[in-house]
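Welcome to this short report on a single structure. Have a look at the model first, and then we can walk through it together.

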Amino acid sequence: MAANGIKQLMQAEEKAAQIVAEARKERNDKLKSARNEAMKEIESFRKQKQKDLDEMQKKLSSTNTSQNELQKVTQAKISDLEQMFKENVEDSIQIILQKVGDVDVAVPDTYKQRGASARGN
C-alpha cells in the first residue's frame, strides 16, 4: 500500500509539474502575444505621428515659400528705391542748394505793421 501511495504521489507530482509547465508556456505565449500586439500598436502610432509630422512640414514649407517670395519682392522694391535715389540724388542736391540760396530778405507786411504799432505810429 505504501508503494501505491508513493506511486500516486509521484503521479500527482508529475501532473502538477505538467500543469505548471503548461501554465508557464501559456503565460509566455500570452506575453509574446501582448508584446507583438504592443509592437503593432507602437508601429501604428509611429506611422500616424510621422504622417502628422510630414503634413506639418509640408505646411511649414508652404509658409516658408510664401515668406521667401514676399522677401524677394520686398528686396526688389528696396533695390528699385535705391536705384531711384542714386539717379535723383544730384537733382535733389541742386534743388536744396537753390532753395537755400533763394532767401527772401524782404520783411513781411505783418512784421511791418507790428513794428509800426510798437513805435506808436
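## A helix and its salt bridges

Lys25 is exposed, with 55% relative accessible area; here buried means under 20%, exposed over 50%, and partly exposed in between (1.4 Å probe, protein chains only). Before going further, please note that this is a predicted model, in which local features need pLDDT of at least 70 and side-chain atom pairs count only at pLDDT 80 or more, while totals for chains, interfaces and linings use all residues. Residues are numbered from 1 along each chain as its sequence is written, and side-chain values use heavy atoms, with hydrogens and water left out.

Lys25 has a partner in Asp29, with which it forms a salt bridge, that is, a side-chain nitrogen of Lys or Arg within 4 Å of a carboxyl oxygen of Asp or Glu. Asp29 is partly exposed at 38% relative accessibility. Both residues sit in helix H1, which covers residues 2–101; helices (H or I, at least four residues) are DSSP runs, numbered from the N terminus. Because Lys25 and Asp29 are four residues apart in H1, about one helical turn separates them.

By this rule, two salt bridges are counted. The other pair is Arg46 with Glu43. These two are three residues apart in H1, so about one helical turn lies between them as well. Glu43 is partly exposed, at 35% relative accessibility. As a general point, side chains of opposite charge can pair when their charged atoms come close.

| Salt bridge | N to O distance |
|---|---|
| Lys25 and Asp29 | 3.9 Å |
| Arg46 and Glu43 | 3.5 Å |

What about the helix as a whole? H1 has 100 residues and reaches 140 Å from its first C-alpha to its last, close to the 148 Å expected at 1.5 Å a residue. That expected span is 1.5 Å times one less than the number of residues in the helix.

Where does H1 bend, and by how much? The bend is at Asn88 and comes to about 50°, taken as the angle between axes fitted to the seven residues ending there and the seven starting there.

Ala17 is in H1 and is partly exposed, at 46% relative accessibility. From Ala17 to Val89 the separation is 72 residues in sequence and 103 Å in space, C-alpha to C-alpha. Ala34 also has its place in H1, and at 45% relative accessibility Ala34 is partly exposed. Between Ala34 and Lys72 there are 56 Å in space, C-alpha to C-alpha, for a separation of 38 residues in sequence.
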